[in-house]
Amino acid sequence: MPKRRFGPHKFSFSQSHSAKLSYGYNSRMNVGKSGYRVFSANSTTACTELAKRITEDVNTAIMELLIMAYALKTSCAQNIIGVIPYFPYSKQCKMRKRGSIVCKLLASMLAKAGLTHIITMDLHQKEIQGFFTFPVDNLRASPFLIQYIQEEIPDYRNAVIVAKSPSAAKRAQSFAERLRLGLAVMHGEPQCSESDMADGRNSPPAVRTSTGPPGLELPLMMAKEKPPITVVGDVGGRIAIIVDDIIDDVEDFVAAAEILKERGAYKIYIMATHGLLSAEAPRLIEESAIDEVVVTNTVPHEVQKLQCPKIKTVDVSMILAEAIRRIHNGESMAYLFRNIAVDD
């Protein structure tokens, strides 16, 4: 019987009937929500790649993953291991106002579909592993990024590791300690930040719009006052290396680079695990004071690299392949987490 291929997902069954399911962002489905289909010529690779990027939808890819996992479960596969280098909706892992914790919902759906193990990389919050009822191996990309700094950044000994926000300070401290470099932390946000509207921190409004029962007077919710961006630490005459886990909308990174330039940094690098680089990110990076953006290949971004030569890629496929091999052979995973700090 000929082998069947389902888009970017690959199945391999061993004698113990274990299934390893590889999941990526580049879904091959091209059916629009309105019932239309997108057709592209096969004459050039650029044509097909652009068509895929136009029609890709992360929710479609998640649904494909769930359906295939359930198909394997009903086919009596003993183990179903999902390889999800970038876990979608990982930023929605906390309750914000009256919102939902989508990451928890996705974890429950994966378990219900039949997955028994997940291999992922640099979850936005390590606590996300607690959402799952089965083992999760959260691999780290920091050894690859640190190796890139040591080998590809000239005079990196004159660099300082920068945390773009206080929440990223622990990750930046881990990089700084292993590279024996200084640490700087940026505090504050640019005015009218998009994240301000997204997380609803100004809701409810300060003006009362309705009255409660007589005698019930609730205090008004006062909006947070965001200070302008400031830098705690000396970056003058140094190379500034901003580290983070995800780079998607780059407006905050561009604003941070401008502040660092004003403070005297003569080169600015951004190191991140997951390079989503959506919307106008390549153009904004190309026009900014950022010298280089280094991301791993957990998310495909070849089109963005064509638009912006400042974007560089670090390959992490080796550690994912080794994780798959060790799980299949029943070997310990501890070797892959050696010298990994708690805050990394």
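I shall go from the chain as a whole to one helix, and then to the salt bridges.

Please keep in mind that this is a predicted model. The protein chain has 10 helices and 11 strands. Of its 344 residues, 44% are buried. Among contacts with a separation of 6 or more, 65% join residues 24 or more positions apart. The chain exposes about 19,100 Å², and carbon and sulfur atoms supply 55% of that area.

Let me turn to helix α4, residues 142–152. Its buried residues are Ser142, Phe144, Leu145, Ile146, Tyr148 and Ile149.

I come now to the charged pairs. The structure holds six salt bridges. One of the pairs is Glu287 with Arg283, whose closest N and O atoms are 3.2 Å apart. Glu287 is exposed, at 57% relative accessible area, while Arg283 is partly exposed, at 40%.

Glu331 takes part in two of the pairings I wish to show. With Arg325 the N to O distance is 3.0 Å; with Arg326 the closest N and O atoms lie 3.8 Å apart. As for accessibility, Glu331 is partly exposed at 33%, and Arg325 is likewise partly exposed at 35%. Arg326, by contrast, counts as buried, because its relative accessibility of 13% falls under the 20% cut-off. Through shared partners, salt bridges join Glu322, Arg325, Arg326 and Glu331 into one network.

Technical notes:
Residues numbered from 1 in each chain as written. Predicted model: local features only at pLDDT ≥ 70, side-chain atom pairs only at ≥ 80, totals over all residues. Heavy atoms only, no water. Buried < 20%, exposed > 50% of the residue type's maximum accessible area, 1.4 Å probe, protein only. Helix = DSSP H or I, 4+ residues; strand = E, 2+ residues; numbered from the N terminus. Contact = heavy atoms within 4.5 Å. Areas by Shrake-Rupley, 256 points an atom, 1.4 Å probe, with all protein chains shown as cover. Salt bridge = Lys/Arg side-chain N within 4 Å of Asp/Glu carboxyl O.
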